[in-house]
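Subject: Structure handover

Hello,

Here is the structure for you to look at. My notes follow it.

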Amino acid sequence: MLYSLARPFLFSLDPDSAHEVTLRLAEAAAFFSGPIPQAPISVMGLDFPNPIGLAAGLDKHAQHVDALAALGFGFVELGGVTPRPQPGNPRPRLFRLPEAGAIINRYGLNSVGVVAFAENLKRARARVIVGANIGKNKDTPNARAVEDYARCMDVLYPYVHYLALNVSSPNTEGLRDLQSREYLSALFASLKQKREILRDRHARDVKLVLKVSPDIDDAALREIAEVVRRERADALIATNTTVSREGIAALAHGMEEGGVSGAPLMARSTEVLRKFSFLLKNEVPLIGAGGIMSAADAREKFSAGASLVQLYSGLVFRGPALVAECVEACEASQRSVH
């Protein structure tokens, strides 16, 4: 109800400003929030109060963890974060397409850097499962990208439950090249070795999750499935944003450069999710992201093989009520199974 009143004002602002105001409003709303809706599930050896998560991209700098957790999410994914601070792309870099329920962003991994990100995260008080989406700096050549992921892992290991390896953002030139079988194998091998050291040092086990693009062909999809199975990735997120302009090319801002999220992504991301589910046969948990605008969309992701789902654009268009709707749909689904 409150969001429906605030939305006209937010949509009157440019999207970048609205993004910042929304986070401030979430801080205020946190004082009036109730308990997190319960639909408990265990995934990756972690106990989630419910399977509805916040996708990366909303809280890029880990400054609003408590407020976002209070919206009812079972987990929150923060970032993306890079080792060194970087400004990302110049504004405007975020565009709303209300007619299509879509958002285009070309942030380019704007980041305060992993050290400042960790300091922000340390101030959070909410007892919520936290993931950090990590990437490489724009000026780091792909040949040295492993070092950037390892640096983020070093700094963040004591403060997060999982690390989402972002090799699929369309807004950093060459990043999606890191989805190749050779690179992913090297990345997992290096980070798993480092995790052994960090696990002993910090007495905790941080999970490694891969986030993939929706724009991969079937051959690449099979290669990725082979790597995550062989390297025993803890989970796979399907998917990041798309570079496709199907269904939005004729709309205002429809051809802006960047990744598309929201309703136009739903069918493609769910198809990719379903294919990974078939190939991995429950050997690697799947997290469904991309285009969830309703409880029915969340149910479709679960039916396609997801154990957990994540929201972002749906939250922008629908507000926090969408979180509770999706949790309720999950509870109903669990009741029907039993």
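Predicted model: local features only at pLDDT ≥ 70, side-chain atom pairs only at ≥ 80, totals over all residues.

Numbering starts from 1 along each chain as its sequence is written, and side-chain values use heavy atoms, without hydrogens or water.

**Barrel.** Eight strands close a barrel in the order β3-β4-β7-β8-β9-β10-β12-β13, with parallel pairing. Strands are DSSP runs of E of at least two residues, helices runs of H or I of at least four, both numbered from the N terminus. Pairing takes at least two DSSP bridges. β9 (207-212) and β10 (235-238) share four bridges. Lysine 211 faces isoleucine 237 of β10.

**Helix pair.** α8 (266-280) packs on α9 (295-303) at about 25 degrees, axes 9 Å apart. That makes α8 roughly parallel to α9 (under 35 degrees). Axes are lines fitted to C-alpha atoms over the stretch in contact, and angles run from 0 to 180 degrees between N-to-C directions. Contact means heavy atoms within 4.5 Å. Met266 and Leu273 are among the α8 residues that meet Asp297, Glu300 and Lys301 in α9.

**Cavity.** There is one cavity of 30 Å³ or more. A cavity is a set of points on a 1 Å grid over the protein atoms alone where a 1.4 Å probe fits but cannot get out; lining residues have an atom within 4 Å of a point. Of 31 lining residues, Ala56, Lys211, Asn240, Thr241 and Tyr312 lie nearest the centre.

Best wishes

Methods
Parallel < 35°, antiparallel > 145°, perpendicular 65-115°, else oblique. 1 Å grid on protein atoms, 1.4 Å probe; cavity = no way out; pocket = protein on both sides within 12 Å on 5 of 7 lines; lining within 4 Å. Points joined across faces, edges and corners; volume = space filled by probe spheres on them.
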